Amino acid sequence: MITAIVLIKTSVDRIPEIAEQIAALENVSEVFSVTGTYDLIAMVRVGRHDDLAEVIPGRISKIPGVEATDTHVAFRTYSQHDLEAAFAIGLDN
């Protein structure tokens, strides 16, 4: 699974509507409204690198009100949930 973090600049008067449209797209797992330079951050998960082109410039960037995107592809994913599961292997409760 390939994970991309997409930083999104939008029309500020439409942030909630744009966030909902992005969240409804296939392969988008979460959308966060944030402070700072960008208005939204979307987590995109796909099976192949080629699929990123379909999701990000092909769908996200075409939503009215999306002004710019900046995409970062993750090399690895670390999460607290994964760490807890790994340490719990073989332990009896």
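Modeller: Let's start with a definition: two strands pair if DSSP finds at least two bridges between them. Strands themselves are DSSP runs of E with at least two residues, while helices are runs of H or I with at least four, and both are numbered from the N terminus. The model is a predicted one, where local features need pLDDT of at least 70 and side-chain atom pairs count only at pLDDT 80 or more, while totals for chains, interfaces and linings use all residues. Residues are numbered from 1 along each chain as its sequence is written, and side-chain values use heavy atoms, with hydrogens and water left out.

Biologist: Thanks! In which order do the elements run from the N terminus on?

Modeller: The order is β-α-β-β-α-β-α, which comes to 3 helices and 4 strands.

Biologist: Now the pairing. In which sense do β2 and β3 pair, and over how many bridges?

Modeller: β2 and β3 pair in the antiparallel sense, over 5 bridges.

Biologist: Which strands are joined to β1 by bridges?

Modeller: β1 is joined to β3 by 7 bridges, running antiparallel, and another 7 bridges join β1 to β4, also antiparallel. On the β3 side, L7 stands opposite I41; on the β4 side, the bridge partner of I8 is T69.

Biologist: How should I picture side chains along a strand?

Modeller: In a regular strand, side chains alternate between the two faces of the sheet.

Biologist: And how do I read burial? How many of the 9 residues of β1 are buried?

Modeller: Burial is a matter of relative accessible area: under 20% is buried, over 50% is exposed, and anything in between is partly exposed, using a 1.4 Å probe and protein chains only. In β1, 7 of the 9 residues are buried, so this strand is largely enclosed by the rest of the structure. T3 lies in β1, and at 7% relative accessibility T3 counts as buried. Over the 93 residues of the protein, 29% count as buried.

Biologist: What does T3 touch?

Modeller: A contact means heavy atoms within 4.5 Å. Leaving aside residues up to four places away in sequence, T3 touches M43, V44, R45, H72, V73, A74 and T77. T3 and M43 are 40 residues apart along the chain, yet their C-alpha atoms are separated by 7.0 Å. For the protein, take the contacts between residues at least 6 apart in sequence: 66% of them join residues at least 24 apart.

Biologist: What about loops? Where is N27, and is N27 buried or partly exposed?

Modeller: N27 is in the loop between α1 and β2, and is partly exposed with a relative accessible area of 28%. Its phi is near 80 degrees, a positive value in a residue other than glycine. Another loop residue is S61, between α2 and β4. At 30% relative accessibility, S61 counts as partly exposed, and beyond four places in sequence S61 touches I56, V66 and T69.
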